[in-house]
Amino acid sequence: MELLEIRGVSKRFGGLAAVDSVDMYVSRGEIVGLIGPNGAGKTTLFNCVAGHCGITGGEIYFDGRRIDGMSPNEICAMKLARTFQIVKSITRMTVLENIMVGAFMVSKRIPLAREWAREVMDFCGLSPLADAKAGSLTIGDKKRLEVARALATEPELLLLDEVMAGLTGKESRDAVELIYKIRNWGVTVLMVEHIMEIIMPISDRIVVLDSGTKIAEDTPEKIARDKKVIDAYLGSAA
Amino acid sequence: MNRTFVKRSFWTKKNAFPIAAFLTLTAVALLAPVYIKILFPLHVLIMIYLYSALGTSWNILSGYAGQISLGQSVFVGVGGYTSSVLFVSYGVNPWLGMIAGALLAAIFGWLIGKPCFRLSGRYFAIATMAVVQIAYIIVTRWEFVGGARGIYFPLKNWGLRFFAFRAKAPYYYIAFGLMLFSFLMVLIIEKSHIGYYLKTIREDEDVAKALGIDVPKYKAIAMAFSTTLAAMGGTFLAQYLLFADPDSLFMLSIPIMLLTVMGGTGSMFGPLIGAGVLIPVQEYARAYWSGSGQALDQILYGLIIVVIVILQPRGLIGIFEGARRRFFRSEAAQTKTPQREGI
Ligand SMILES: Nc1ncnc2c1ncn2[C@@H]1O[C@H](COP(=O)(O)OP(=O)(O)OP(=O)(O)O)[C@@H](O)[C@H]1O
Ligand SMILES: [Mg+2]
């Protein structure tokens, strides 16, 4: 069994099928890219996997256990963490304290959690900002903090929702670097990203959603030449 | 991933100031009854300590965990009435009654929180407001607990054993102890993961859940701390007044909330600062003007609140924190320069 298996998952909001019988999987050690035009259902699918909203059909398995119906905190405890597309830093806490909140999944003891948080903070290149209030960070650093906080829960699978949107060229190169580092650390990554120049080279495999359904799944090279994918993007642009 | 334990010294410069301030103030406070022989100032100090503890009970639940309680007085009432009924009707020692009251209030809080904590915050606010109104009406009509008249204590047994005194000084020390106990609770919260978790829940429940926090569980923990403290305050108040009636125990929600907001929510000394400013105003204004029936005391009270809200929206603690920041500015400038030079 794969690390994450999504089998025929649907999520309806009233009459709208935001996710429509999607099948996909993520294997251990992979970086999988999830792409699709705006409103394709990528964030909704993340919310379903992480337990933030109930699904209206299908099954989700993580690490061999069925997780649909579980609460987000139970899923987090099973070592599946996610970031939010709209960054949700705890603005009144410092960067280190933000990361510590995640680190308490590893140890409830403050000194241990703090040390672990420092290590993750270092890893993510946030150490110089340790004592800065999260509310005062630039968007690039907020996104980085979002990743660090999720990483501090010590996940096996990390869901990243557009952590590079709105970043400058230098910042997104740093972010790509960070994602490779995360994978080399032994964390499997499933990421949503709109910027093709980033998602294509970084991903081992790409899954494409359009209007809630999966329209393609392949290596980046083949996806780039896939007619359905090109149509979906051109269609949404027109 | 080798996690190392680094012991940090307790006696740092950052800690020296609060520790010295705390010790000095405690020493002054403990000596106060020796020098203050007039009863009224002592009464005002007792009320400050009591309301500081009650404010803290609200602060834990609403300031830290963000679950706004509009009926905190219901737990004060449950505590005060439990010990009073047990004492007057069954002869149970008030100290035991205080424990019983705290337990009952905690159960009560759990029953209110259980259905509300899964919903959004405003259901909890509305529920607490409704519950305190219902409780007030029930107690007022319920003859077994004295109805609207309340419960008057038989003034027979005095002394520490009976939690009843003719002098004010013993009450003073007990109220002071209650306040220290409330600080201890906050310290336990602030110095453990519970504090981080409660603040995260306050800021964003989705983030809290995504980071593995069992949100209903930690709300219930905040509730347990909060109700226990409020109920202990209720027993103290009944023992101090030597009676329990609906108005003096069930109608304190607004002042408890106000003084905490004035002082500063989500901070350890906010409630004490708020009580230190508002309680003297309330008590002196009441003593000097309430007889005239013009509600002048209420007007003055309101005016002070308006002035504080305009001058210091973060609460009075903002003034103190501002002063402390200036005090430590040189040190902070050296260590906290949030500058990143690439990666
Ligand atoms: N809570 C909700 N209630 C109703 N409709 C929703 C809700 N959340 C999402 N939707 C709808 O579901 C569809 C998919 O939205 P989703 O946010 O998952 O898209 P996305 O692929 O993440 O888009 P983007 O690239 O813009 O982030 C959209 O039509 C959206 O309006
Ligand atoms: Mg999205």
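A polar contact is a pair of N or O atoms within 3.5 Å, where, within protein, one atom must be able to donate a hydrogen and the other to accept it. By that rule, 2 residue pairs are in polar contact across the interface of chain B and chain A, both at pLDDT 80 or more, and the model in which they are found is a predicted one.

**The side of chain B that touches chain A**

- Helices α7 (193-203) and α8 (205-210) of chain B each supply at least two residues of the side that touches chain A.
- The largest share of that side comes from α7(B), which contributes 7 residues.

**Extent of the interface and its salt bridges**

- Contact involves 32 residues of chain B and 39 residues of chain A, and the two chains bury about 3,200 Å² between them, with 63% of it on carbon and sulfur atoms.
- Between chain B and chain A the count is 3 salt bridges, including one in which the side chains of A:R92 and B:E203 meet at 3.2 Å, N to O.

**The magnesium site**

- The magnesium ion (ligand 2) is coordinated by OG1 of A:T43 and OE1 of A:Q85, at 1.9 to 2.1 Å.
- These two residues link distant parts of the chain, 42 residues apart, since A:T43 lies in helix α1 (residues 42-50) of chain A and A:Q85 in the loop between β6 (80-82) and α3 (95-103) of chain A.
- A:T43 counts as partly exposed because its relative accessibility is 26%, and A:Q85, with a relative accessible area of 32%, is partly exposed as well.

Definitions and conventions
Residues are numbered from 1 along each chain as its sequence is written. Chains are lettered from A and ligands numbered from 1 in the order in which they are written. This is a predicted model: local features need pLDDT of at least 70, side-chain atom pairs count only at pLDDT 80 or more; totals for chains, interfaces and linings use all residues. Side-chain values use heavy atoms; hydrogens and water are left out. Contact means heavy atoms within 4.5 Å. Buried area is the accessible area (1.4 Å probe) that two parts lose on being put together, summed over both. A salt bridge is a side-chain nitrogen of Lys or Arg within 4 Å of a carboxyl oxygen of Asp or Glu. A polar contact is a pair of N or O atoms within 3.5 Å; within protein, one must be able to donate a hydrogen and the other to accept it, and residues adjacent in sequence count only if both atoms are side-chain atoms. Helices (H or I, at least four residues) and strands (E, at least two) are DSSP runs, numbered from the N terminus. Donors are N, O and S atoms within 2.8 Å of the metal (3.2 Å for Na, K and Ca); water is not among the atoms, so sites may look incomplete. Buried means under 20% relative accessible area, exposed over 50%, partly exposed in between (1.4 Å probe, protein chains only).
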